[in-house]
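Let's take a friendly walk through a protein model together. Keep the picture open beside you, and look for each part as we come to it.

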Amino acid sequence: MAKSYHSRAVPDRLAANARTSAALETGVPIGVAERDLCPVYLDLETGDSHLLVFGDGESGKTNLLRTFLRGLMARHSPDQAQVLVLDYRRTLLGAVPADYLLGYAGAEPAALQQVAEAVQALGRRLPRADLSVEQLRSRSWWQGPDAYIVVDDYDLVVTPTGDPLAQLLPLLPQARDIGLHLLISHRAGGAGRALYQPLLLRLKELGSPGLLLSGDPLEGVLLGGQRATPQPPGRGVLVRRRDRPTLVQVALSDP
């Protein structure tokens, strides 16, 4: 029987302006944890580089992406972070100001072109064979902003004719070295099959963290031995390699 993570200790709604943003914490605050009601941070710079989000309709997938983006921009300047958005339903339209926006793709032709341009730019950051250990550790052989590729409803992006994000596959193993971050949301229905698609399978193999929002447990185990379960909007189980699964309530960011 799937374990229930429902807890009355976690509020059903948490306004974004109610988050505690301790200045010394690394990463981006996204909500609070059930076990101690302390802020939960996603650190995609010094920790795992990517994030997967699974949930049914109205479960809070888009809100999580919006909350992360607002926190990212609050803690980083445009010189430190640039965002490419793939958003076929246009749910994130206007969520990223122009000075942070690397590109916005609302359909496949634009997605193919803009991902290709990002791959070309990021490919120039791949480490050369003659770099010293110190240079590799400090990531000092290139300068520029980290690239955040944010995809809402990845299930709409992948079609029988292809996947614009497949161009990123060769770069994923060195994502931290070149400043590449993927944040991908996908509906919970069909997620068990989707995890065998090349991009999601590679991200899973790399141990990328994930947030399991509301979904049907019959979909099967998705990440870290965990299944999605019915939850209130914005509530889900955060699965990370270095921590036990944690029930979190994501802060609500109004459109």
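## A strand in the middle of things

Strands β6 and β7 run parallel, and five bridges join them. One place to look is V151, whose bridge partner in β7 is I184. Keep in mind as you look that this is a predicted model.

On β6 there is also a pairing with β4, again in the parallel sense, this time over seven bridges. Here V150 of β6 stands opposite V85.

Is β6 enclosed or open to the outside? Seven of its seven residues are buried, so the strand is largely enclosed by the rest of the structure. In a regular strand, side chains alternate between the two faces of the sheet. You can follow this along β6: D146, Y148, V150 and D152 point one way, while A147, I149 and V151 point the other way. Both sets are buried.

## The whole sheet

Now zoom out. Ten strands make up an open sheet, and their order is β2-β1-β12-β11-β8-β3-β7-β6-β4-β5, with mixed pairing. At the edges sit β2 (39-42) and β5 (101-105), each of which pairs on one side only. From one strand to the next, the twist averages 25 degrees.

For an antiparallel example, find β8 (residues 210-212) and β11 (residues 235-240), which are joined by three bridges. L212 has V237 as its bridge partner in β11.

## Helices on the sheet

Which strands does helix α1 touch? This helix, residues 61-75, packs on the sheet and touches β1 (28-33), β2, β3 (51-55), β4 (81-87), β6 (146-152), β7 (180-187), β8 and β12 (243-250). The direction of α1 makes about 130 degrees with that of β1. Helix α7 (residues 198-205) packs on the sheet too, touching β3 and β7, and its direction makes about 115 degrees with that of β7.

Let's stay with α7 for a moment. L199, L200 and L203 are buried in this helix. Seen down the axis of α7, the buried residues fall within an arc of 95 degrees, so they line one face of the helix. An α-helix has 3.6 residues a turn, so residues three or four places apart point the same way. Turned away from the buried side of α7 is a face that carries the exposed residues P198 and E205. The cover over the buried residues of α7 includes β3, α4, β7 and α6 (191-194). Just after the helix comes G207, with a positive phi of about 80 degrees.

## Charged partners

How many salt bridges does a search of the whole structure find? The search finds eight. One of the pairs is D48 with R241, whose closest N and O atoms are 2.4 Å apart. This pair links distant parts of the chain: D48 lies in the loop between β2 and β3, R241 lies in the loop between β11 and β12, and 193 residues separate them. D48 and R241 also belong to a network of salt bridges that takes in R242. D48 counts as buried because its relative accessible area is 11%, and the cut-off for buried is under 20%.

Another pair, D155 and R187, has its closest N and O atoms 3.5 Å apart. Here too distant parts of the chain are linked, with D155 in helix α4 (residues 154-157) and R187 in strand β7, 32 residues apart. R187 is partly exposed, with a relative accessible area of 40%.

R128 and D130 provide a further example, their side chains meeting in a salt bridge at 3.1 Å, N to O. Are these two buried or exposed? R128, at 46% relative accessibility, counts as partly exposed, whereas D130, at 58%, counts as exposed.

## A pair of rings

A pair of aromatic rings is described by the distance of the centres and the angle of the planes. A search of the whole structure finds one aromatic pair. The partners are F68 and Y148, which lie 6.2 Å apart centre to centre with 50 degrees between the planes, a tilted arrangement. F68 is in helix α1 and Y148 is in strand β6, so the pair links distant parts of the chain, 80 residues apart. Both F68 and Y148 are buried.

Technical notes. Residues numbered from 1 in each chain as written. Predicted model: local features only at pLDDT ≥ 70, side-chain atom pairs only at ≥ 80, totals over all residues. Heavy atoms only, no water. Pairing = 2+ DSSP bridges. Helix = DSSP H or I, 4+ residues; strand = E, 2+ residues; numbered from the N terminus. Axes fitted to C-alpha atoms, helices over the stretch in contact; angles between N-to-C directions. Contact = heavy atoms within 4.5 Å. Salt bridge = Lys/Arg side-chain N within 4 Å of Asp/Glu carboxyl O. Buried < 20%, exposed > 50% of the residue type's maximum accessible area, 1.4 Å probe, protein only. Arc of directions from axis to C-beta. Phe/Tyr/Trp six-rings, centres within 6.5 Å; stacked < 30°, edge-to-face > 60°.
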